[in-house]
2 protein chains.
Amino acid sequence: MNTLIKDVLAVLPDGSTKKTNIAIENDKISAVGDVPADFTADNIIDGKNKLAVPGFVNTHTHVSMTLLRSYADDMKLMDWLENKIWPIEAKMKKDDIYWGAMLGIAEMIKTGTTTFADMYGDMEKVAEAVEETGIRAILSRGMIGVAPNGQDALQENCTLFEEYNNAADGRITVMFGPHAPYTCPPKFLKQVMEKAQKYNAEIHIHLAETKGEVDDCIKQYGMTPMALMEDVGIFDLGVLAAHCVHLTDEDIAIMKKHNVRVAHNPGSNLKLASGIAPVGKLLEAGVCVGLGTDGTSSNNNLDMLEEINLAALIHKVQRLDPLMVPAAEALKMGTAYGAKAVGLSDIGELKSGMKADITLVNMQGTQWTPCYDAVSLLVYSANASMVDTVLVNGKILLEKGKLTTIDEEKVIFEVNKSAKKLTGRALLNE
Amino acid sequence: MNTLIKDVLAVLPDGSTKKTNIAIENDKISAVGDVPADFTADNIIDGKNKLAVPGFVNTHTHVSMTLLRSYADDMKLMDWLENKIWPIEAKMKKDDIYWGAMLGIAEMIKTGTTTFADMYGDMEKVAEAVEETGIRAILSRGMIGVAPNGQDALQENCTLFEEYNNAADGRITVMFGPHAPYTCPPKFLKQVMEKAQKYNAEIHIHLAETKGEVDDCIKQYGMTPMALMEDVGIFDLGVLAAHCVHLTDEDIAIMKKHNVRVAHNPGSNLKLASGIAPVGKLLEAGVCVGLGTDGTSSNNNLDMLEEINLAALIHKVQRLDPLMVPAAEALKMGTAYGAKAVGLSDIGELKSGMKADITLVNMQGTQWTPCYDAVSLLVYSANASMVDTVLVNGKILLEKGKLTTIDEEKVIFEVNKSAKKLTGRALLNE
């Protein structure tokens with residue numbers, strides 16, 4: 001199946017834009033620019049007045065938590081977890097996990113995201129949803145080492161790897177998901193590492209999210225979480241580290257040395273009042289920083305364009321420097337850097353040889369007028385409802401704003417049913 | 001003309017929501033709740049699956065600068081002003097001002113804003129645009145006291161007041177717009193005050209936007225900008241103060257004492273790296289804080305829902321307190337507090353007797369699922385493209401997302417023509 005995106009304004013790997021054509025052969029981009037003479041398109045997408053960007057890469061979420069969106073907001077972290085989130089999570093069944101994942105994936109495709117990295121329980125249900133919907137995902141079984149089911153969770157992560165790594169035409173990658181140093185002591189982490197090494201799998205973990213966590217770690221181990229992780233040796237496996245808000249300069253040096261890749265979640269870090277990650281310093285040190293939404297309970301959406309916008313805004317004021325994280329850099333954090341962060345070398349840029357994971361944004365209307373700089377407008381002015389078309393592996397998942405692989409009405413119906421059953425509360429838009 | 005909004009989920013003045021009806025007689029809300037027995041509707045709007053909020057109040061912008069959107073971003077302030085913004089502004093003609101205003105007003109109505117406070121030159125062209133489009137506005141002639149045209153500008157502000165205050169069925173209020181203490185020395189401010197007093201008009205001014213401005217003021221006058229303004233006596237007239245980023249506790253006490261109302265512009269303050277205003281402290285002190293977008297050159301849109309979202313996020317992290325500025329408080333900043341900030345007592349809440357300035361947001365789709373808390377979802381999950389219907393003074397200005405008083409295509413065509421003429425640069429979406 002060959003597809004041609006014709007006369008589109010494309011964001012090139014260097015951040016510049018060019019009116020051009022994108023030729024797609026099966027699941028790959030075969031050309032950006034001059035279309036090969038022997039290329040015949042089975043399908044032509046009119047790119048007029050559209051901006052083509054690499055599909056957004058959401059480097060950190062808990063997609064099934066989309067079920068809990070707006071259930072509890074504006075609360076203190078432990079009050080929120082202990083009295084609201086955990087009691088409901090304890091009641092979730094496999095079907096709830098599946099429909100939560102379907103809702104989150106529907107939202108991500110509609111808002112231009114083509115890849116997401118997830119950590120949760122019952123991940124085979126998330127894998128099923130990924131397989132069915134056509135999105136790309138990096139899945140890990142969230143493991144709490146100190147919980148009674150720690151060993152079962154580790155075994156489930158192994159099973160997930162065996163059954164789903166490289167499945168769905170290569171769209172699924174499986175990582176190991178020890179939750180965090182404060183829930184997974186070194187002994188458990190070593191067990192995780194042993195299994196991950198056996199499968200040659202990487203690690204997805206929360207690190208240094210709150211000041212309290214860092215203080216506790218220093219009290220308990222005499223080291224920051226980052227130094228503790230280096231000591232345990234987990235960075236040798238390849239690590240995607242979520243949050244990384246509270247870091248010393250030594251922490252940043254450790255991260256650079258071991259190529260720790262960051263999933264920066266600006267929306268969640270602001271909403272939970274965790275802090276502002278030192279992204280300026282990380283980028284200057286050459287650390288790879290991608291962007292994530294975190295779960296919808298702490299965001300409350302999976303809209304990567306909002307995270308890109310926040311990344312471009314908050315680090316300017318943190319350093320009182322308007323040149324920090326310009327629009328094109330923020331967009332790279334949401335695309336090319338995100339791809340590196342989740343360990344994929346064949347997505348994240350629009351160029352020949354890459355997988356055809358592409359998002360087209362409608363550039364018409366007041367927020368795009370006048371249009372001197374399309375990347376600036378995408379990052380600072382547009383919103384995700386302007387996403388028009390989304391392709392993953394060369395297959396169209398969104399066409400003129402409509403999902404092609406998901407029955408959105410059915411998903412919303414099933415999610416509402418699950419949500420009411422779990423919480424016993426009525427919904428306001430039914 | 002009587003309108004009934006039927007079966008709508010309305011945000012009430014206390015921040016709670018209720019499924020109800022809103023009855024509108026001519027330009028006023030006559031009932032929220034039980035519709036009077038003798039009420040006959042000429043027009044019924046189906047409120048099913050819609051959230052009714054008071055129309056957003058944009059307390060600070062320079063609407064005609066919408067012409068310069070995306071012309072120059074991610075630059076240092078003086079480099080940006082001296083080399084990009086001012087040279088183009090110097091070339092702007094009355095027609096450019098008009099079309100820039102039309103574009104900005106079109107965008108504001110489409111994104112749910114029903115009132116805006118503006119400061120710029122050639123304001124009679126902005127007033128014309130307000131009159132034609134049906135939006136509500138608080139207009140002031142921006143005056144640079146140290147500029148050669150300072151006295152002319154003051155005269156223009158007087159003329160603007162005489163011709164347009166309370167015009168357009170009362171939709172236009174005129175204030176006086178001395179730009180800032182660093183461009184308007186005390187002597188000039190006294191001249192402005194004398195004229196404003198004569199007309200019983202209020203003042204719209206930029207105050208304490210950057211640290212440099214505050215430091216310079218202390219160096220020159222031995223006082224902060226806030227203390228200097230108290231000394232000059234300008235607060236006796238009623239003041240809408242834009243930005244107020246860098247404040248001492250004494251400044252906040254002065255503001256409370258004189259009921260200085262704040263136009264807080266989170267997006268602009270972040271993008272220009274001005275800083276984060278101490279909104280937590282201001283609200284705790286009982287100072288009225290509304291929200292504004294500032295001009296699109298420093299934003300880059302006029303989307304008040306984004307400002308409401310930012311206001312709910314950035315003050316949590318500034319104080320490391322997740323309870324700061326909860327969703328309902330942020331929404332009030334964008335509505336009821338904004339109305340007080342611009343000096344209007346008959347807008348900003350959905351209750352009997354208020355002007356019928358109402359925004360209806362579509363609550364269907366993934367970002368609204370599940371819906372336990374509509375205010376949380378509006379503030380943390382929705383985007384402005386979900387605005388469906390907008391009324392000002394009881395008249396529908398937006399219906400199912402379509403503008404009723406503005407030819408959007410023509411506006412975009414004329415703006416693009418103006419933009420190309422002014423900058424000599426091609427546009428990317430034509």
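Modeller: One thing to keep in mind is that this is a predicted model. Helix 1 (77–91), strand 7 (113–120), strand 8 (136–143) and helix 7 (211–221) of chain A each bring at least two residues to the lining of the second largest pocket.
Colleague: Which element of chain A gives the most to that lining?
Modeller: The lining of this pocket counts 49 residues, and among those nearest its centre are A:Leu81 and A:Trp86. Both numbers fall in the range 77–91. The top contributor, with eight residues, is helix 1 of chain A.
Colleague: How much space lies in the second largest pocket?
Modeller: Its centre has A:Ile144, A:His179 and A:Tyr182 among the nearest lining residues. The space in this pocket comes to about 1500 Å³.
Colleague: Which residues touch the most other members of the largest nonpolar core?
Modeller: In soluble globular proteins, nonpolar side chains tend to be buried together. Here the largest nonpolar core has 296 residues. Take A:Phe116: beyond four places in sequence, its contacts include A:Val63, A:Ile105 and A:Leu139. The residues you asked for are A:Phe116, A:Phe176, A:Trp368, B:Phe116, B:Phe176 and B:Trp368.
Colleague: What distance separates the centres of domain 1 and domain 2 of chain A?
Modeller: The domain assignment gives domain 1 as 2–54 + 354–403 and domain 2 as 58–115 + 182–341. Across the two, 25 residues of domain 1 are in contact with 22 residues of domain 2. Taken over C-alpha atoms, their centres are separated by 28 Å.

Terms used: Residues numbered from 1 in each chain as written. Chains lettered and ligands numbered in written order. Predicted model: local features only at pLDDT ≥ 70, side-chain atom pairs only at ≥ 80, totals over all residues. Heavy atoms only, no water. 1 Å grid on protein atoms, 1.4 Å probe; cavity = no way out; pocket = protein on both sides within 12 Å on 5 of 7 lines; lining within 4 Å. Points joined across faces, edges and corners; volume = space filled by probe spheres on them. Helix = DSSP H or I, 4+ residues; strand = E, 2+ residues; numbered from the N terminus. Core = buried A, V, L, I, M, F, W, Y, C linked by side-chain atoms within 4.5 Å. Buried < 20%, exposed > 50% of the residue type's maximum accessible area, 1.4 Å probe, protein only. Contact = heavy atoms within 4.5 Å. Domains from an automatic or database assignment.
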